[in-house]
Amino acid sequence: MDYVTRFPHNHTDRRPTKRPRLAWETPQAHAKAQSGMYCGQEFGNLTSYGPSRVHADHANMFVKGLAQSSTPQWRNDDKDGHYMFALGENLTSRYKILKKIGKGTFGQVLDCLDRETGETVAIKVVRSIKKYREAAMTEIDVLELLKKYDRSGIRFVQIRNWFDYRNHVCIVFEVLGPSLYDFLRKNNYRPFPVDLVREIGRQLLECVAFMHDLRLIHTDLKPENLLLVSPEYVKIPDYKVVCRSPTEGTYYRRLPKSSAIKVIDFGSTAYEDQDHNYIVSTRHYRAPEVILGLGWSYPCDIWSVGCILVELCSGEALFQTHENLEHLAMMERVLGPLPPHMLKRVEKHAEKYVRRGRLDWPEGATSRESIKAVLKLPRLQNLVMQHVDHSAGYLIDLLQGLLRYDPSSRLTAHEALKHPFFTRDYYRRF
């Protein structure tokens with residue numbers, strides 16, 4: 001069986017450089033140590049990444065001693081507050097570091113062996129900076145709350161343990177598969193079939209409904225924070241890709257063997273009774289009320305879900321932008337004009353985006369390239385119909401409910417789950 005970690009890397013990333021990634025990569029098979037070779041092992045003050053000069057017998061004694069040692073020697077963090085480590089050493093006496101899985105603004109994720117249970121775990125080692133430590137403690141509180149009420153453990157990543165180590169909050173998780181973003185990226189951004197989008201969308205909305213019932217708002221839903229439970233996939237011919245010549249052979253696309261997903265990254269999760277005046281969500285999935293400074297609540301998660309479903313069925317982010325006015329203009333291009341009552345109530349910092357009761361576009365555009373980026377976008381209906389071969393009408397209607405501008409009229413997660421896209425015969429056309 002092929003695994004998603006074996007994707008070729010010869011395709012250029014067509015998407016623009018996005019936000020710092022918060023999800024970790026697919027767990028890969030652990031590298032087996034060879035006799036006399038200790039990758040990343042530490043000898044005195046020297047970190048060796050090549051063959052050891054230590055005699056084999058002495059080296060084996062050293063490794064055995066390292067396994068029983070409680071901690072490695074002290075190292076200073078790097079300039080950004082990331083924990084410095086060497087492969088093969090301990091993270092406390094319980095966990096042995098096997099490899100680094102990923103790195104983001106929050107810190108790093110390490111693949112570790114849990115000596116007590118014998119299983120492999122993913123440990124999120126948070127940067128030793130106050131705001132990230134505080135976010136980590138928020139995440140731990142939310143994870144424990146979700147674990148208490150979601151006893152099946154099928155909706156959210158499961159926390160195994162947590163500890164504070166050398167001023168780094170460390171959260172121990174179960175190991176999962178790749179994020180949906182990674183799967184799309186390594187599959188050259190080929191979209192998912194609509195039936196797979198349906199299954200993923202149902203699970204995502206069930207997770208959101210569960211959180212909202214607990215008075216929790218995730219605030220950072222995106223494909224990076226949705227992980228497939230299994231890394232396994234199947235390869236099928238992709239007949240929509242035309243070969244340039246007979247010698248190129250058949251193009252293949254990869255589909256997850258299982259549609260099961262789990263939601264991760266609760267460091268930005270907010271409680272319903274908290275102050276909601278600050279900016280939330282990663283740019284591409286940020287709701288209009290957040291950009292306009294109108295306050296936000298549960299519906300901001302629903303907007304993010306709508307953006308995610310479009311991305312899964314099209315292969316690309318719906319709003320690929322890094323600037324507020326351009327972002328709002330893209331929304332109007334895809335979804336129609338913003339409601340006047342929302343534009344009249346914008347917060348002071350967003351007044352510059354509005355002129356004479358409407359969006360200041362294209363007059364306020366920063367460049368011709370920005371105007372072109374907006375004009376090339378199709379309407380939502382056309383975008384969906386370009387990629388969806390059946391159930392397009394149901395999906396368009398669902399997305400129009402998830403992506404309503406006014407948060408008070410936007411579908412709730414429970415309402416969305418009752419939509420015909422999820423409840424009607426999958427293959428019935430109209």
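Is D265 buried or exposed? In this predicted model, D265 is buried, with a relative accessible area of 8%. The residue is placed in the loop between β13 (261-263) and β14. Its phi is positive, at about 65°, although D265 is not a glycine. A second case of this kind is Y189, a residue other than glycine whose phi is near 60°. Y189 is found in the loop between α3 (180-186) and α4, and at 3% relative accessibility Y189 counts as buried. A further backbone feature is the peptide bond from W361 to P362, which is cis, with omega near 5°. P362 belongs to the loop between β16 (358-359) and α9 (368-375). As a rule, most residues other than glycine have a negative phi, and most peptide bonds are trans.

The chain has 430 residues, of which 52% count as buried. Its secondary structure comes to 13 helices and 16 strands. Among contacts between residues at least 6 apart in sequence, 67% join residues at least 24 apart. The mean pLDDT of the chain is 84, and 80% of the residues reach 70 or more. Over residues 1-67, however, the pLDDT is below 50. Beyond near neighbours in sequence, this stretch has 144 contacts in the model. Where pLDDT is low, the predicted coordinates should not be read in detail.

Helix α2 covers residues 130-149. With 1.5 Å a residue, a helix of 20 residues should span 28 Å, and the end C-alpha atoms of α2 are 29 Å apart, which agrees with that expectation. The buried residues of α2 are Y132, A136, E139, I140, V142, L143 and L146. Elements that cover these buried residues include the strands β6 (120-126), β7 (159-165) and β8 (168-173). Helix α4 (194-213) is also part of this cover, as are β9 (216-217) and β14 (270-271).

The structure holds 10 aromatic pairs. In one of them, the rings of F156 and F210 have their centres 5.9 Å apart and their planes at 50°, so the pair is tilted. F156 lies in the loop between α2 and β7, whereas F210 is in helix α4; the pair therefore ties together parts that are 54 residues apart in sequence. Both partners are buried: F156 has a relative accessible area of 2%, and F210 has one of 16%. The rings of Y278 and W296 form an edge-to-face pair, because their planes are at 75°, with the ring centres 5.4 Å apart. Y278 lies in the loop between β14 and α5 (288-291), and W296 in the loop between α5 and α6 (299-314), so this pair joins parts that are 18 residues apart in sequence. Y278 is partly exposed, with a relative accessible area of 36%, whereas W296 is buried, at 7%. Elsewhere, ring pairs link Y83, F85 and Y165 into a cluster.

Charged side chains also sit over aromatic rings. The charged end of K124 is placed over the ring of F106, 4.6 Å from the ring centre. R198 lies over the face of F421, likewise with a distance of 4.6 Å to the centre of the ring.

A disulfide is a covalent bond between the sulfur atoms of two cysteines. The structure holds 0 disulfides. For C112, the closest cysteine sulfur is that of C170, at 8.8 Å, which is too far for a bond; the cut-off for a disulfide is 2.5 Å between the sulfur atoms. C112 is buried, with a relative accessible area of 0%. C300 also counts as buried, at 0% relative accessibility.

Note on methods
Residues numbered from 1 in each chain as written. Heavy atoms only, no water. Helix = DSSP H or I, 4+ residues; strand = E, 2+ residues; numbered from the N terminus. Expected span 1.5 Å × (residues − 1). Buried < 20%, exposed > 50% of the residue type's maximum accessible area, 1.4 Å probe, protein only. Contact = heavy atoms within 4.5 Å. pLDDT = per-residue confidence, 0-100. Phe/Tyr/Trp six-rings, centres within 6.5 Å; stacked < 30°, edge-to-face > 60°. Lys NZ or Arg CZ within 6 Å of the ring centre and 35° of its normal.
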